[in-house]
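Welcome! Please take a moment with the sequence and the model below, and then we will walk through them together.

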Amino acid sequence: MKKVIGASIVALAILTLVSVAMAQSFSLAPRYGTANLRPGFMPDPHSVTLTAGGTINTRTSGPAPACGYVANAPDYRLQWGGGSSLNIYAISGSDTTLLINMPDGSWRCNDDGGSGNNPLLTIGNAPSGQYDIWVGTYSSGNAGATLRISELSPRWN
């Protein structure tokens, strides 16, 4: 009986480690780079072409909210100087999502908050700090996308 309980505890520990390893990790280097932006940055919007999606289903992986399929590492990292509001959005011909780990460690997610199937997160008086950004896909698979960061109203073209 002790062997069964011991084996069960070991199996549970391994499953826990595997599920944590499969989750989003803001400690990893971003796949498409980093920007250091301050209020009044130019050009506005700041744009990055990337491939959205990944193999991690956020509906089952945690710790972030359910926000489609993403990669383990962030797609992009924003070091923001603070002092104004930000619109962070993605443009794609596919149904994409946004997942952001905020400077305070909280998570924000959006699907279809922008134009059509495009996500938009508006952060009023965005605090300074590190924003780790994932551009996901609503369904499994990958899609071409453009991530935009702006102090202005979103431009969907």
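Among the contacts in the protein with a separation of 6 or more, 76% are between residues 24 or more positions apart; a contact here means heavy atoms within 4.5 Å. Keep that in mind as you look at the pairs described further on.

Before going on, a word about what you are looking at. This is a predicted model, in which local features need pLDDT of at least 70 and side-chain atom pairs count only at pLDDT 80 or more, while totals for chains, interfaces and linings use all residues. Residues are numbered from 1 along each chain as its sequence is written, and side-chain values use heavy atoms, with hydrogens and water left out.

The pLDDT is the predictor's confidence in each residue, from 0 to 100. For this protein its mean is 86, and 83% of the residues reach 70 or more. Over residues 4–22, however, the pLDDT is below 50, and this stretch has four contacts in the model beyond near neighbours in sequence. Please read that part of the picture with this in mind.

Now for the overall layout. The protein has two helices and eleven strands, where helices (H or I, at least four residues) and strands (E, at least two) are DSSP runs numbered from the N terminus. Reading from the N terminus, the order of elements is α-β-β-β-α-β-β-β-β-β-β-β-β. The protein has 157 residues, and 44% of them count as buried; buried means under 20% relative accessible area, exposed means over 50%, and partly exposed lies in between, with a 1.4 Å probe and protein chains only. The accessible surface comes to about 7,800 Å², with 58% of it belonging to carbon and sulfur atoms. Such areas come from the Shrake-Rupley method with a 1.4 Å probe, and for residues only the protein chains shown count as cover.

Let us turn to one residue on the inside. W80 lies in strand β5, which covers residues 76–80, and W80 is buried, with a relative accessible area of 3%. Which residues does W80 touch, leaving aside its neighbours within four places in sequence? Its contacts are L37, R38, P39, F41, L86, A126, P127, S128, G129, Y131 and E151.

Next come the aromatic rings. Rings of Phe, Tyr and Trp (its six-membered ring) pair if their centres lie within 6.5 Å; planes under 30 degrees apart count as stacked, over 60 as edge-to-face, and the rest as tilted. The count by this rule is three aromatic pairs. One of them is the tilted pair of W107 and W134, at 5.4 Å centre to centre with 40° between the planes. Because W107 lies in strand β8 (residues 107–111) and W134 in strand β10 (residues 129–137), the pair ties together parts that are 27 residues apart in sequence. Both partners are buried: W107 has a relative accessible area of 19%, and W134 has 0%.

The charged end of R59 sits over the ring of Y138, 4.7 Å from its centre. To count, NZ of Lys or CZ of Arg must be within 6 Å of the ring centre and within 35 degrees of the ring normal.

The protein has one disulfide, meaning a pair of cysteine sulfur atoms within 2.5 Å. C67 and C109 form this link, their sulfur atoms 2.1 Å apart, and with 95° about the S-S bond it is right-handed. C67 lies in the loop between α2 (58–61) and β4 (69–70) and C109 in strand β8, so the pair ties together parts that are 42 residues apart in sequence. C67 is buried at 3% relative accessible area, whereas C109 is partly exposed at 27%.

Finally, some details of the backbone. A cis peptide bond joins M42 and P43, with omega about -5°, and the bond from D44 to P45 is cis too, with omega near 15°. P43 is in the loop between β1 (34–37) and β2 (46–54), and P45 is placed in the loop between β1 and β2 as well. Elsewhere, D112 has a positive phi near 70° in a residue other than glycine. D112 sits in the loop between β8 and β9 (120–123) and is partly exposed at 32% relative accessibility. N125 has a positive phi near 45°; N125 is in the loop between β9 and β10 and counts as exposed at 55%.
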